Amino acid sequence: MAWYIGRRLLQMIPVFIGATLLIYAMVFLVPGDPILALAGDKGMSDALHDQLVAQYHLDDPFLVQYLHYLQGILTLDFGTTYSGRDVGDVMRDVFPVTFQLAVMALIFEGVFGIGFGLIAGLRKGKIFDSTMLVASLVVIAIPTFVLGFVLQYVVGVKWGLLPPTVGSDVSVKTLLMPAIVLGSVSFAYVLRLTRTSVAENLSADYVRTATAKGLARGRVVRVHVLRNSLIPVITFLGADLGALMAGAIVTEGIFNINGVGGTLYHAILTSQGPTVVSITTILVIVYIFANLAVDLLYAVLDPRIRYA
Amino acid sequence: MKIRRFAGFAASVAVGALALTACSSGDSSDDTTTASGPSTGIVTANSSEPQNPLIPTNTNETGGGKILNMIFAGLVYYDAKGETHNEVADSITSDDQQNWTIKIKSGWKFTNGEPVTAKSFVDAWNYGAKLSNAQLSSYFFEPIEGFSYDKDSELTGLKVVDDTTFTVKLTSPQADFPLRLGYSAYYPLPAAAFTDMKAFGENPIGNGPYKVADGGWEHNVQIKLVPNADYSGDRKPQNGGVTLKFYTSQDAAYADLQSDQLDVLDAVPDSAYSTFESDLGDRAVNKPAAIFQSFTIGQWQDHFKSDEEGMLRRKAISEAIDRDSITKTIFQGTRTPASDFTSPVIAGWSDKIPGNDVLKYNPEDAKKLWAQADAISKWSGKFTIAYNADGGHQGWVDAVSNNLKANLGIDAEGQSYAVFADLRKDIGQAQLDKKSGLTGAFRSGWQADYPSLFNFLGPLYATAAGQGKGSNDGNYSNKTVDDLFAKGSAEKTVDAANADFQKAQEQLFKDLPAIPLWYSNVTGGYSKLVGDVEFGWDSVPLYYEITKK
Amino acid sequence: MREPTTRPDQHHFFADLDETPLLGVDAVDEHAAPASMWQDAWRNLRRRVLFWISAVLIVLVLAVAIVPSLFTSIDPNANDACDLSHSLEGPSAGHLMGYTFQGCDVYARVVYGARPSITVGVLTTIIVVLIGVAVGALAGFYGGWFDSLLSRVTDIFFAIPFVLAAIVVMSSLKAHRGVITVIIVLGVFGWPQVARITRGAVLGLKNSDFVTASTALGTTRMTTLRRHILPNAAAPIIVYATVALGTFIVAEATLSFLGIGLPPSVISWGADISQAQRNIRTDPMVLFWPAAALAITVLSFIMMGDVVRDALDPKARKR
């Protein structure tokens, strides 16, 4: 087991190099002239343009820029943004907030998705199952930005139950509504995955055996049905953590959260390679650890799966 | 990965113009505080994270501009109407509009205790103009003798006479020079700035009505400004401080305003255009601003060159657009149909310029003109208008395209760009006749840096500003216009100058280098907790006037 | 180099009575031809009401997508299709769902929006499932260094911010922007989650008795994977795919909003939904109709996925 984990951690090195190289290359390919854009609609002289291009090393070939960046990383220098800020500082600002938001969203979709999915699966074809089907259709068909906007207006402004935005006040209370909005689409996935797995496993032989040998229904459901149904669900949840962190652009905008998604998006639009790559590197590490945790959980949930 | 409303932050990259604060109704009598005394509440207002370090000559967007205007005092300031009043300056005089003598008041101090002297201005301007300092607003110093775009050179036109006097020699007479001096690029800097400009950009030291509170700048979240006790100008703070909260979405800011989490909002989101006046009642603000919007058809475009066919087509397109309906429906009255190329809040504006009837909706005539042009050379293909997707432009571009489709019977469509830098690059390439992804016209517009008619015209339509050298993105070039611009600049009075500029506009209406659309209004509002909210000529509230208990 | 491995005791495992062929012998109908898995499934499907409901819905939706002009006489692409003076007007004779913000007929746009939206949803789902199942199944089934390699490649694809990929691809294909490019972007960067889910399911199944049995009977590994493991792993994949189909249609709206989606001349539900958002407080119905069309489409595919999965599932069939 220890050997397996160690090997997985070692594999992070090629993934790190592969991902950063690829992403740096893609940022390089983002079209347009970010320096010219600094002047807004007003244009700038060629000499000033060249001066700024040189200042941000944008005239170097791609590989030189990349190596320059890697060299900085070794000394924990992540580069600077156009506004002159240290990228390390930017990341220290945004990651804690986003991590909190993503974990809350994950808890929301996990608890409610699995819970409702379990009930729906146990009562397949009944009213509750159909209600949940409609609920998931609603969150699938209504984009996050509409859902967030409506919730913000109704819950935040009209009823005043929760603060409409986050801003400088980052707390469980302010993040509650954004987390629900952020987790809503994944909630639909978790719900459907759980519901189908549960329904499928209910008819499995070992469940019938367990029931036949007189086990209490609650125990059958908990130990046999749910446990065996969770593999696709935790696979999804594990991979979703990273996606929630990177993909919160919309939610962050609606609720005014200074987080990873918005920072990343802004950096992409302005071709700020160091910022994009630094942030995604952290995200890669999150992915790798989350997926490792999921792989280890497989062995817990299904004794047939073992790692040596 | 989605959506709609991070419009804000990308847009702030895109915002070309820096808005300026304006200032109080210039009663110069009260150096002492009024009888009631200022209120002490902290006012919260919306803004966006500055895109650049807080250095006056390196800030060209509103997020940074709003802060600079509160923490610095320049030679002059602008009041709500855009009129200039001396602030640090005692007098600004010239006999020939070319050699200017500027005297400043003594006794002004930066917040680190340094006195504000003539040298504070001259050094700051030289710093801003120097190429190797790569300051985004360096072009503001172009008219001063000694300026060079291509190499480091000193502004030889600036001479310090004594602590309170310096002279400025321009390369040509410029009547509106004093009007510009309230713009942030012309602010003074303390000597401390030059030892470490990077640190200064993080913790600026100013001489304005406010200063940044200790550790008050939480990046991307908010900045806290507190009154500067040493400030001795007219813009005396009437509140206990201003906290600018940074938003990337106007919808979020509007939600905060409605739930009293925010006191003052200066940009209403389009989702609230139809409701904000009923939501806020008399606390809603909706009035014309110094923002002109248009779309530009490049002079290089086939069928739209400056010949008979091109003129006919440009005129046809202009007359095919129903500006009244679009401003009423798409913008819900938050835009005013254009009647010239400038803005109604600027002194000298007129809606009676001969030739401006091409801005009237006239679909029959448009169709006829288009047919005449087709007789010269047949048009085929699709008319496109390019825009940056993050600026909230799609609504009107679609509406204008629908107008063109219905009235001219041609195919028309928006061309959206995800990356603003990509649009700018494609425009630049097209200007130089290089291969470009731009397939047609592109949105354009101008927000004034300082309240002057010429600021809407010279930078956009002078030949010298074309071919990528300035903001004449369509490469428009016309000798009559150039001559009138030069003549106007050399006039002794602003009024005489404006008369020349209006003449130039007559020619612009014939050539339509850009199709004028509408003037943008400033839309905003404020909460019940604050009073005395007034919006300046530049669409920014006069924060120092606001009172809060 | 052994990665996931079997427990030594598994080779000595005895199956339940239930699982042995003996029990079924009595019920064998000697005259029936030996049925393949798919024939079995079809026989089962035919008897399900839900199957017929979803089939009718899918046929209807596809018909609208293929020949929209059968369903409305208004051509929303006509030069004079939109008139600002009708902006946000409610339903009236001939305009059952009222007008959009731009003054276009909502019903006609919903009808004509079906083709691009459904093409994007269905084709993207197919691409994502093909790549994801191939990568995930091979990684999970073969294990060892092969799993490590494929899984780490999946990690890298996971790590690429979708917006970045979309901007790079769509901007470089600026001139050819259309349904196909949208499908490519969504498909090429959307498969990793399917790969992870497939791999997880395969990992659990590859040590099952029926696999051991199949291997013991001398079936090749590839055939075992295809014939025995994948059908049993289908449930989570089908569920994921049917939900994803809907989210891809919505994702197209996001791309349009970012300025890298379909050009405005291509009518799609996603784009109409995102444009209706700004007036949702005053005119929610403009948003409701395209969203409802999208929901019905997703519903029909989810129901179909459900019954097909049931039909394929040997355990469920036993009853």
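**The domain contact in chain B**

Mentor: In chain B, 25 residues of domain 1 are in contact with 25 residues of domain 2, where contact means that the C-beta atoms of two residues, placed from the backbone, lie within 7 Å. On the domain 1 side, helix 1 (7-14) and helix 4 (177-180) of chain B are the elements that give two or more residues to the side touching domain 2 of chain B, and helix 1 of chain B supplies the largest share, five residues. By class, this side of domain 1 of chain B has 15 nonpolar, seven polar and three charged residues; Ala, Val, Leu, Ile, Met, Phe, Trp, Tyr, Cys and Pro count as nonpolar, Asp, Glu, Lys and Arg as charged, and the others, Gly among them, as polar.

Please read all of this as a predicted model, in which local features need pLDDT of at least 70 and side-chain atom pairs count only at pLDDT 80 or more, while totals for chains, interfaces and linings use all residues. Residues are numbered from 1 along each chain as its sequence is written, and chains are lettered from A and ligands numbered from 1 in the order in which they are written.

Of its 549 residues, 62% count as buried, that is, with 20 or more other C-beta atoms, placed from the backbone, within 10 Å of their own. Among contacts in chain B with a separation of 6 or more, 71% join residues 24 or more positions apart. The C-alpha atoms of chain B fill a box of roughly 70 × 55 × 40 Å, taken along the principal axes.

One element of chain B, helix 12 (residues 394-408), has 15 residues and reaches 21 Å from its first C-alpha to its last, close to the 21 Å expected at 1.5 Å a residue, the expected span being 1.5 Å times one less than the number of residues. Helix 12 of chain B is mostly covered, with 13 of its 15 residues buried, and just after this helix G409(B) takes a positive phi of about 70°.

Key:
Helix = DSSP H or I, 4+ residues; strand = E, 2+ residues; numbered from the N terminus. Buried ≥ 20, exposed ≤ 12 C-beta atoms within 10 Å, placed from the backbone.
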